[in-house]
Amino acid sequence: MFLRYNNVYLQNNFPGSSLSTNVQEQQGSKPLCDFSNFRANVCEMRGDVRVHPKAASVLFMEPEGSRRDEVWKIKPYPRKGDEFCLSHITELTVKSSKVAAECTRYHDVPVVIFSLTGYTGNLFHDFTDVIVPLFTTAAQFDGEVQFLITDMALWWTVKYHTLLQKLSKYPLIDFSKDDQVRCFKHAIVGTHAYMEFTIDAAKSPNGVTMVDFNRFMRAAYSLPKAAAAALGESPRVKPRLLIIKRHRTRMFLNLEEIIGMAEELGFEVVIDEANVSSDINGFARLVNSVDVMMGVHGAGLTNCVFLPQNATLIQIVPFGGLDWISRTDFGNPSEMMGLRYKQYAITVDESSLTDHYPRDHKIFKDPISFHKRGFEFIRRTFMDKQNVRLDCKRFRPVLLEALDNLNQ
């Protein structure tokens, strides 16, 4: 018999119950963990699963006579291979067992166990490392799922409480402070992740897509605009253009000139900057209200998740052979969300690097050769030390194309 208390069941005879035997059969011979994905390791178990935070372990209880003998070590954060990042993540042991501590809590919903340390605090990493993978993994449960968080970051859960509450109807559990032995019939350790900031619909649970994610984001924040403006031949309103402004690196040095050009073309221009301390609810509404968003490559472009369908994202690519990372980080994800995407790579004449190096320097003649020095060098040289003076005559056709898209 189970006694219900605050959506948690207390029970004493779970291991020997007929329920245990029935759900145990669901696992079959499938391994407890899948380490084949280059981006993320994930363990998934169906049966008698016991989560023991004090022992940093997740045990899959095997019936007598079973020959399964599995032991896995997993850090539930999707940056596989990044040893620096993972060095800050608590390692869990997932294993099959015939002996374990008695359950003190039994849950009638699945559990997802994940970490909140890593690179969180950067808007892009908040989404590519946590929010998108968590949506991919947990959306299938329609809120009927419990989250256990290792390496808890309370500030992060406060900032994104709206999203967490939409994904789970239950209070978050801090793994490191939990003194219970919790029993579940379905447990997932780690979250499903693929390329940066994307969902692979062919591999994701229930085939969820980035279009689904964009729809989820707009619903979570109750954003009213579902699609970009359709201007037609006689537009009644001006299309809105949001320019993401940066203050330290990759700044627009001729912002006023850019604004003037955009207004001349017929845009209503909005200027703002999203940073880690921004009010997400308020900024989400601003982004959702526009039809075109543009900015230099950087975390601020992550806010494209709030854009309405068929809106256009324009990414300004700094000089230095950064087209590949720009398309990977924001180009492919935005198109997968159902947005239109334009990528504008600046020339040497539009880069502030000319203030630091002579024109005949190798950095201008062969920028790709500098990539051999690693990403940290790339970031320091081509991102942190570079600003943009946009050639408005050269850039004008990009905005005209964005306008044309709104006429279609």
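Modeller: Start with burial. A residue is buried under 20% relative accessible area, exposed over 50%, and partly exposed in between, with a 1.4 Å probe and protein chains only. This is a predicted model, where local features need pLDDT of at least 70, side-chain atom pairs count only at pLDDT 80 or more, and totals for chains, interfaces and linings use all residues. Residues are numbered from 1 along each chain as its sequence is written, and side-chain values use heavy atoms, without hydrogens and water.

Biologist: Why does Glu-44 count as buried?

Modeller: Its relative accessibility is 18%. The limit is under 20%, so Glu-44 is buried. Arg-46 has 33%.

Biologist: What makes Arg-46 and Glu-44 a salt bridge?

Modeller: The term asks for a side-chain nitrogen of Lys or Arg within 4 Å of a carboxyl oxygen of Asp or Glu. The closest N and O atoms of Arg-46 and Glu-44 are 3.8 Å apart. The pair therefore qualifies. In general, side chains of opposite charge can pair when their charged atoms come close.

Biologist: How many salt bridges does the structure hold?

Modeller: There are 21. Asp-48 and Arg-50 form one of them, at 3.3 Å between the closest N and O atoms. Both of these residues are buried. Arg-39, Arg-79, Asp-129 and Glu-196 are linked in a network.

Biologist: What makes Glu-268 and Arg-240 a tie between parts of the chain?

Modeller: Their side chains meet in a salt bridge, at 2.7 Å from N to O. Glu-268 lies in strand β14 (268–272) and Arg-240 in strand β13 (240–244), so the pair joins parts 28 residues apart in sequence. Strands (E, at least two residues) and helices (H or I, at least four) are DSSP runs, numbered from the N terminus. Glu-268 has 35% relative accessibility and counts as partly exposed.

Biologist: How do you know that helix α9 has a kink?

Modeller: The bend at a residue is the angle between axes fitted to the seven residues ending there and the seven starting there. At Asp-329 in α9 (323–336) the kink is about 30 degrees. Asp-329 and Pro-333 are among the buried residues of α9.

Biologist: What do the buried residues of α9 pack against?

Modeller: Their partners include α3 (123–138), α6 (210–220) and β17 (340–345). Just after α9, Gly-338 takes a positive phi of about 95 degrees.

Biologist: Which accessibility class does Arg-250 fall in?

Modeller: Arg-250 is at 9%, under the 20% limit, so it is buried. Arg-250 sits in the loop between β13 and α7 (255–265). Its phi is positive, about 55 degrees, although it is not a glycine. Asp-142, in the loop between α3 and β10 (146–150), also has a positive phi, near 50 degrees. Asp-142 is at 63%, over the 50% limit, so it is exposed.

Biologist: What is the buried area between domain 1 and domain 2?

Modeller: Buried area is the accessible area (1.4 Å probe) that two parts lose on being put together, summed over both. Here that is about 1,200 Å², 75% of it on carbon and sulfur atoms. The largest share of the domain 1 side, three residues, comes from α3. The bounds, 33–208 and 240–407, come from an automatic or database domain assignment. Across this interface the rule finds zero salt bridges.

Note on methods:
Contact = heavy atoms within 4.5 Å.
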